[in-house]
Amino acid sequence: MSIPPRPARSRAAGTRIVGRALTCAVFALAGLLFYISAQTARGTDLRTDNSLLSLSDVIRQRSSQNQQSQAQLAELQARSQALTGQQGRSPADAAQLSALQRAAALEPLQGPGLTVTLNDAPPNATARIPGVPEPGVNDLVIHQQDIQAVVNALWRGGAEGVQVMDQRLISTSAVRCVGNTLLLQGRVYSPPYVVKAVGRTDALRAAVDADPTIRNYLQYVQAYGLGWKVQESGELTVPGYSGTADLRSAGGQ
């Protein structure tokens, strides 16, 4: 029995073999790359972001740390003042030191004053005035310029001291908003936002009523229900500033 001769290999068959070889090489290279990636990541999924904190989470974490640091600083300042008080000091020096501390907003301040509260509108708020368009998301929340307008108006009205939320403002204080939260001196706050000022209540109220940015804000209060409340007090107390006075950066409001 004769064995039939093997057929000659055609050019097409050779091309297919070369193509398969190249395909195998590509898959081998891809496997090597996956292996190197896995070793570099030490088993960590490179596409997941579970290990990364969002910006708001980072800010809140820093806010908590800053709050603890401010509490420690306030305790150290109290100890320092107590030790300084134990040392001999003339009445004139004591009076001068007290005046400087008041000017630097380091001492609590009492007197008549004004409290202004701003708040977001209800999430399901609609237009409350005929002819006014339905609100967008930005129409229903407090913005940075709204809080700044109140603070600036109170200063123009002769405020002796201003407090935002639970913090006294000083010359280096800056009101900033990140998303729908307030960032003030390293701490984060959510609405409602409360601003207090010690001073002549009639002058403070007149300055608030005359501010054009606040007048614009009051139109949104009427149209969409943003929160707005002004209270006069015969005796108001704002705390002394307890944070650091270091100036790390400067910029326009």
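## Fold summary and the setting of Gln167

The protein chain holds six helices and eight strands, where helices (H or I, at least four residues) and strands (E, at least two) are DSSP runs numbered from the N terminus. This is a predicted model, in which local features need pLDDT of at least 70, side-chain atom pairs count only at pLDDT 80 or more, and totals for chains, interfaces and linings use all residues. Residues are numbered from 1 along each chain as its sequence is written, and side-chain values use heavy atoms, with hydrogens and water left out.

Read from the N terminus, the order of elements is α-α-α-β-α-β-β-β-β-β-β-α-α-β. Of the 253 residues, 28% count as buried, that is, under 20% relative accessible area with a 1.4 Å probe, protein chains only. The accessible surface is about 16800 Å², and carbon and sulfur atoms account for 55% of it; such areas come from the Shrake-Rupley method with a 1.4 Å probe. Among contacts (heavy atoms within 4.5 Å) between residues at least 6 apart in sequence, 76% join residues at least 24 apart.

Gln167 lies in strand β3, residues 167-168. Gln167 counts as buried because its relative accessibility is 5%. Ser242 is 75 residues from Gln167 in sequence, yet their C-alpha atoms are 8.3 Å apart.

| Partner of the Gln167 side chain | Distance |
|---|---|
| Tyr189, side chain | 2.8 Å |

The Tyr189 pair is a polar contact, meaning N or O atoms within 3.5 Å, where within protein one must be able to donate a hydrogen and the other to accept it, and residues adjacent in sequence count only if both atoms are side-chain atoms.

Methods: Buried < 20%, exposed > 50% of the residue type's maximum accessible area, 1.4 Å probe, protein only.
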